[in-house]
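Morning, everyone. Please bring up the model, and we will walk through two parts of it.

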Amino acid sequence: MFESLQNRLQSAFKTLAGKAKLTEGNMRDALKLVETALLEADVSYDVVRDFIDKVSEKALGEKVLLALNPTQQVVAIVQDELTNLLGPVDPSLHLKKDLNIFMLCGLQGSGKTTTCGKLAKMLQDNNIKPYLAAADLQRPAAIEQLHVIGRQLGVPVYSELGATDPVKVCQDAVRKAKEEGAQVLILDTAGRLAIDAELMAQLQQIEKRVQPHQVMFVVDAMTGQDAVNSAKAFNEALELNGVIMTKLDGDTRGGALLSVKHVTGVPIKFIGVGEHLDALQPFRPEGMVGRILGMGDMLGLIDEVRKAVDVNQQAELEKKLAAGDFTLDDFKVQLKQVLQPGLMTRMMSMLPGMGDLSKMLANTDAEGEMGRKVAIIDSMTAKEKKTPKIIDQSRRNRIARGAGVQVQDVNQLVKEYDLMAPIMKSMAGKGMGGRMQAIQDLQKNLMSDPSGKMAKPKGDTGKRLSPKERMELKKKREKELRKKKREQRGQ
């Protein structure tokens, strides 16, 4: 996400780090690089000028120029101003006691119908009863698509066969949703390939007759400044409550995200970060800025973990971990929770310095991989699951045959368990700080070997190495590292 922008901004900050003395001259040179990075990311020119003026005013002050670590001061100023540019944002839905009506609008191809389903899934996860209405009569496929999504989620969908009046469909949907006791009705309205008078008149009629509590504009982040212009036009016609920006998991430059609030005055409330129905996140400016600057988004990561984890299973696991017990059955439960489609990629994107690994994971078959790993564990005996150390070569051959996989797949799973077990045990009974440290330890292991064949954490051997042994071990590691680099260059 925003990899090109992130790299350019970090290059700008590095020019300051190499200076023996910070002056107005080299500070302006660095800020010029920041300005270029934003313009090349397709951020609106007016937005860039206003942003650079604000950063320059603070960065060129005496307090920064004379600071002990001025580079960090400049990064902090850029971070604060980017956060101000994107916020403040209130992603809460402000639901009333009775039926709440959400009207989603946008151009054709923005992902509007899928976003209706994602919003319904988010409401379900918060124990709120949603209801969907298919009011996009311009595109019959959209009606069927919404019904498919409704069946996947178990959410009712209102539509009228052969209907030609979208205003009437929306009014009838309101009555039906009230009868069904729904808390939120989501209207999927028609889109166009481009803005036209007929589309706007139709949406204005729906707004006037139905009086939705919130009007959300769904926009594709990949369309750059066109996204900002269309958001501005829709806001002038409908007075939007918020923007839902889709396809942020794609190779976007970031221009639309960084421009839309400043140009339209309408905040981004939610972001789509994947194709699956659980890939909608409340927009948090500070978390997004952390990702743009390569600092990560730990609060966002915690939210993703919380959504993925079964509370009852986790409570049971905590008891076992506290007793120093973590079996392959427990490992299987964790795999099922974490290896959900798209989840690992989203989590990795929130950790600093994990961009390359995140892209690599995006190209893997998470569901197929999870199926293979679960099959391997299910092919083990109860004793093998409880005591993995007894799994010798003959047992591995038998397990591989039973699971229908290669022996190396069994070897890899056992290695992954050996990596995870001590980390899970170390997290038992610890607060958030201890858990974050465990996650950072895992991150270091992942970054040390992007191939995914992670090194097992070093435990206490009870013996301290001598200086000579440490030197020999260091030489061995350096030799292995040089060999790996040569292999990578040769590929």
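Start with Phe217. Phe217 is buried, at 0% relative accessible area; buried means under 20%, exposed over 50% and partly exposed in between, with a 1.4 Å probe and protein chains only. Before going on, the ground rules. This is a predicted model, where local features need pLDDT of at least 70 and side-chain atom pairs count only at pLDDT 80 or more, while totals for chains, interfaces and linings use all residues. Residues are numbered from 1 along each chain as its sequence is written, and side-chain values use heavy atoms, with hydrogens and water left out.

Now the second ring. Phe234 is buried too, with a relative accessible area of 0%.

On to another pair. Phe331 and Tyr417 sit edge-to-face, 5.9 Å centre to centre, with 70 degrees between the planes. The cut-offs: rings of Phe, Tyr and Trp (its six-membered ring) pair if their centres lie within 6.5 Å, and planes under 30 degrees apart count as stacked, over 60 as edge-to-face and the rest as tilted. Where are the two residues? Phe331 lies in helix H15 (residues 328-338) and Tyr417 in helix H21 (residues 407-427), so this pair ties together parts 86 residues apart in sequence. Helices here are DSSP runs of H or I, at least four residues, and strands are runs of E, at least two, numbered from the N terminus. Phe331 is buried at 4%. Tyr417 is buried at 7%. With Phe326, Phe331 and Tyr417 form one aromatic cluster.

How many aromatic pairs does the rule give? The count is 3. One of them is Phe217 with Phe234: tilted, 4.6 Å centre to centre, 35 degrees between the planes. Phe217 lies in strand S5 and Phe234 in helix H10, so the pair ties together parts 17 residues apart in sequence.

That brings us to the strands. S5, helix H10 (residues 225-238) and S6 make a right-handed β-α-β unit. Right-handed means that, with the strands pointing away from the viewer, the path from the first strand over the helix to the second runs clockwise.

What flanks S6? Strand S5 (residues 214-220) runs parallel to S6, joined by 5 bridges; two strands pair if DSSP finds at least two bridges between them. Val219 has Met245 as its bridge partner in S6. Strand S7 (residues 268-272) is also parallel to S6, with 3 bridges. There, Ile244 partners Phe270.

Last, is S6 covered or uncovered? Mostly covered: 5 of its 5 residues, 242-246, are buried. Gly242, Ile244 and Thr246 point one way, Val243 and Met245 the other.
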